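Q: I am new to this structure and would like to be walked through it. Could we begin with how its helices pack?

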Amino acid sequence: MFNNWKISPHQFEILVVMCFIGTSILFSPVDLATTVKQDAWLGAIAGNILGLFLVCLYNAVGNYFSNMTLIEYAESVLGKWLGKTLSLLYFSFLFINCSMILWIAGDFITTQITPEAPIQFTNTLFVLIVIMGTRLGLETFARAAEVLYPFVIGLLIILMIFVLPDIESKNIQPVFEYGIKPMIKGGLFYSSLSSLTLIPLMMIFPAHVNNLKEAKKSFLRGTLLGGFVIFLIVTLCILVLGQDMTARNAFPSYALAKKINIGNIIQRIEAIIAIIWFITTFYKMLLHFYGATLGLAQILNLKDYRPLTLPLGMILVVLSLVVFPNVTYAGIWNTTTWLPYVLTYGFFLPLLLLIVSLFRKSKKRI
């Protein structure tokens with residue numbers, strides 16, 4: 001039944017924006033400020049350009065398999081056994097990524113919002129909502145995203161307007177002080193948090209989007225819009241907090257909202273950033289979980305993925321509690337392993353699929 005699900009290109013574009021913003025809104029400012037200092041905004045631009053190239057690669061792969069998901073065309077291109085192996089690797093990538101996002105959500109809630117709540121409780125609650133969204137299906141959660149999207153954009157505009165009085169232009173100077181090397185490094189790491197994690201959308205695109213031509217444009221537009229939002233957040237963090245405070249703060253965009261104080265009347269409205277983050281992170285997690293469960297169902301040749309949601313959800317809660325033993329371990333993982341790990345699944349393997357497809361197509365012509 002789920003093979004017949006279709007969403008519109010506009011709904012797909014919103015899912016791209018939600019997935020792009022996801023965890024990036026909290027972590028991109030700190031990573032870019034650490035690497036590129038006051039030129040963090042230039043690093044965000046470099047990362048966004050890389051992201052657009054990456055989506056062009058995904059669009060090129062989608063051209064060859066307009067009625068298949070990532071798992072299906074891996075098997076179609078590489079054959080049964082090699083394709084199944086690659087599909088299992090993608091399933092593990094999506095599932096482990098989902099557990100990491102859940103850990104981040106639990107850590108943020110228990111350190112910034114409700115320190116008394118045990119992380120097991122917050123993670124279980126989050127997963128229950130994700131399971132419910134996954135079971136309701138692609139069309140339902142895409143429509144829900146359409147409803148929530150104006151709130152996300154509206155809250156972002158409110159946040160940006162309120163922080164404008166605290167902007168100090170000296171914080172962004174001197175421009176281009178550290179040259180191009182840290183900018184590219186920062187841009188690459190920024191892409192690893194944003195565009196390289198768009199790969200779960202390949203379980204929707206192009207098979208479950210109505211119009212392939214429009215869907216490809218929506219993929220690019222969604223990446224551009226998401227990138228523009230993160231660029232604005234990064235720039236505001238540097239302009240308001242300065243590069244040193246942005247780099248030192250675990251959640252600088254949250255700290256940015258805390259700075260708002262207009263006439264001692266409008267203040268402490270960090271809930272705005274928390275709401276934006278909850279909605280976008282929920283969708284990022286949902287897309288990873290949906291991709292993992294649908295992928296496993298397709299690997300096992302099941303007619304319906306929904307019987308898998310509850311057992312996988314239970315495993316996900318346990319995995320999220322052990323995937324990062326502590327914040328220090330998470331920091332070491334992010335600086336040493338994360339980039340090659342996500343590059344393998346987000347760039348090299350789709351590139352491999354494209355090259356093999358091109359080779360097979362040219363062989364047929366001969």
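Predicted model: local features only at pLDDT ≥ 70, side-chain atom pairs only at ≥ 80, totals over all residues.

Q: At what angle do the axes of α7 and α9 cross?
A: The axes of helix α7 (residues 138–163) and helix α9 (residues 212–241) cross at roughly 25° and come within 11 Å. The two helices are therefore roughly parallel to each other.

Q: Is that crossing left-handed or right-handed?
A: The crossing of α7 and α9 is left-handed.

Q: Which residues make the contact?
A: From α7 the contact uses Tyr 149, Leu 156, Leu 159, Met 160 and Val 163. From α9 come Leu 225, Val 229, Leu 232, Ile 233, Leu 236 and Val 240.

Q: What classes do those residues belong to?
A: The contact of α7 with α9 has 11 nonpolar residues, with no polar and no charged ones.

Q: Turning to α6 and α13, how do they pack?
A: Helix α6 (residues 119–136) and helix α13 (residues 309–322) pack at an angle of about 150°, and their axes are 10 Å apart. Angles over 145 degrees count as roughly antiparallel, and α6 and α13 are therefore roughly antiparallel to each other. Their crossing is right-handed.

Q: Which residues meet there?
A: Among them are Asn 123, Val 127 and Thr 134 in α6, which meet α13 residues including Thr 309, Gly 313 and Leu 316. By class, the contact of α6 with α13 divides into seven nonpolar, seven polar and one charged.

Q: How many residues are in the largest nonpolar core?
A: That core has 132 residues, and those with the most contacts inside it are Leu 15, Ile 25, Leu 201, Ile 204 and Phe 219. Its largest share, 18 residues, comes from helix α12 (residues 271–299).

Q: What is Leu 201 in contact with?
A: Leaving aside neighbours within four places in sequence, Leu 201 is in contact with Phe 12, Leu 15, Val 16, Cys 19, Phe 219 and Leu 287.

Q: And Ile 25, is it buried or exposed?
A: Ile 25 is buried in helix α2 (residues 24–36), where the buried residues also include Leu 26, Pro 29 and Val 36. Just after α2, Lys 37 takes a positive phi of about 55°.

How values were computed: Residues numbered from 1 in each chain as written. Heavy atoms only, no water. Axes fitted to C-alpha atoms, helices over the stretch in contact; angles between N-to-C directions. Helix = DSSP H or I, 4+ residues; strand = E, 2+ residues; numbered from the N terminus. Parallel < 35°, antiparallel > 145°, perpendicular 65-115°, else oblique. Left-handed = near helix turned anticlockwise from the far one by under 90°. Contact = heavy atoms within 4.5 Å. Nonpolar A, V, L, I, M, F, W, Y, C, P; charged D, E, K, R; others polar. Buried < 20%, exposed > 50% of the residue type's maximum accessible area, 1.4 Å probe, protein only. Core = buried A, V, L, I, M, F, W, Y, C linked by side-chain atoms within 4.5 Å.
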